Amino acid sequence: MPRDIPPLAEIRRITEKKRDAWWTVMLVDPVATPLVRWTARHTRATPNQLTWGAFLVGLGSAACFAQGDWRWLLLGAALYHVSFIFDCMDGKLARLTGTGSVFGAWLDFVFDRIRVLVCSVALMGGQYARTDDVLYLWLALAVASLDSLRYIDSLEIFKIRHGMRKQIKARMRAARKAENQAELAFMEDLLRENPEADLETDRDTVAPLEPVAPLETTAADTAPLEATAAQRSRPAVVDLHQEFRRRFPWWVRCRNFLLRHRIRAHLISGIEFQMGVFIIGPAVDAVVATTVVSGALLLVFELAIIYKLLLSTRDFTRTINSFETAEPLRATTSVSS
């Protein structure tokens, strides 16, 4: 008997991420989401079984790559895309059925890294056997290294950002507790939840999202320390990307446009890098060119993210300093009153 599964539109709302890689949004979700609905209705497949299926199909792709011939490369590229569809389906099925697990997330991550490593060795090894060009061996090392760099860098940046947010929350909680004011929010979260908001052109939409806690606090800013009822009822908003947006206002408009179409602003991530190397390159029989271009674009976007992190740490420092400036002024005002 088929399970009682909601209609496709509801499944899209439940299973598709609010923002995702453009390759996933445009070329994977239109296939993966209906397949997840069919799988949930007519089978007892689990997310972990789909993870294993994605891994095994990925190994089949590697076996085709190892043959070296263009017809095998084309088949390998097709299998790699099928593998990635399965890889996206496991998370969607977990969200739809509530059967996800911590071990499943670990298994998915490890299998992804193994798949990239095996396919890079097979693809470049097959081309080396066909051409005897040592460049392919270096490309295999480069692909595996860039894939690892991307995920290590992403993890470390996440940890740093989490640490900054945690420190600001602690300082804000202590500063606002005595005044019984609302907790704080972060501008990046508000904009992520409101992709229709445009900081540059739509002032009415963005007005409720503007920071109420200044990054640089002066005596004039902190003179009226007694918060009004309206200020107490809404959270303070801390913007850790203020300097980046000030330097690159055009990127804010691009980001808002992409988010409205569910596409994340990081246009060349690990996903697009893999697709360039293992799908586009083999499909057009231009492995060297697409690998070099994909790797260069990945590095450019990773450097941009690192630069954005640098600017964010400056905003973080100014925010922390604003608390340190405001505390003695608040204490002075309390004594005088």
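1. Aromatic pairs turn up twelve times when the whole structure is searched; rings of Phe, Tyr and Trp (its six-membered ring) pair if their centres lie within 6.5 Å, with planes under 30 degrees apart called stacked, over 60 edge-to-face and the rest tilted. Take Trp52 and Phe55: their ring centres are 6.3 Å apart and the planes stand at 80°, so this pair is edge-to-face. Keep in mind that this is a predicted model, where local features need pLDDT of at least 70, side-chain atom pairs count only at pLDDT 80 or more, and totals for chains, interfaces and linings use all residues. Residues are numbered from 1 along each chain as its sequence is written, and side-chain values use heavy atoms, with hydrogens and water left out.

2. Staying with that pair, Trp52 and Phe55 are three residues apart in helix 3 (residues 47-65), about one helical turn. Helices here are DSSP runs (H or I, at least four residues), numbered from the N terminus. Trp52 is partly exposed at 44% relative accessibility, while Phe55 is buried at 12%. For those words, buried means under 20% relative accessible area, exposed over 50%, and partly exposed in between (1.4 Å probe, protein chains only).

3. Trp52 has another partner, Phe111: the ring centres are 4.7 Å apart with the planes at 75°, so this pair is edge-to-face too. It links distant parts of the chain, with Trp52 in helix 3 and Phe111 in helix 5 (residues 102-131), 59 residues apart. Phe111 counts as buried, at 9% relative accessibility.

4. Elsewhere, ring pairs join Phe244, Phe248, Trp250, Trp251 and Tyr307 into a cluster.

5. Now the surface. Trp52, Leu56, Leu59, Ile114, Leu117, Val118 and Val121 make a nonpolar patch of about 590 Å². Helix 3 and helix 5 are the elements giving two or more residues to the patch, and helix 5 gives the most, with four. Patch members have over 30% relative accessible area and no salt bridge, and nonpolar side chains (Val, Leu, Ile, Met, Phe, Trp, Tyr) are joined within 5 Å. Leu56, in helix 3, counts as exposed at 51% relative accessibility.

6. What about the inside? The largest nonpolar core has 40 residues, of which Leu123, Met124 and Phe278 touch the most other members. Helix 4 gives the most to this core, with nine residues. A core is a set of buried Ala, Val, Leu, Ile, Met, Phe, Trp, Tyr and Cys residues joined through side-chain atoms within 4.5 Å.

7. Salt bridges: a search of the whole structure finds 16, each a side-chain nitrogen of Lys or Arg within 4 Å of a carboxyl oxygen of Asp or Glu. Asp112 and Arg115 form one at 3.2 Å, N to O; both lie in helix 5, three residues apart. Asp112 is buried at 12% and Arg115 is buried at 2%.

8. Arg150 and Glu302 meet in a salt bridge at 3.3 Å, N to O. Arg150 lies in helix 6 and Glu302 in helix 14, so the pair ties together parts 152 residues apart in sequence. Both residues, Arg150 and Glu302, are buried.

Technical notes: Patches are made of residues with over 30% relative accessible area and no salt bridge: like charges are joined within 9 Å, nonpolar side chains (Val, Leu, Ile, Met, Phe, Trp, Tyr) within 5 Å. Accessible areas come from the Shrake-Rupley method with a 1.4 Å probe; for residues, only the protein chains shown count as cover.
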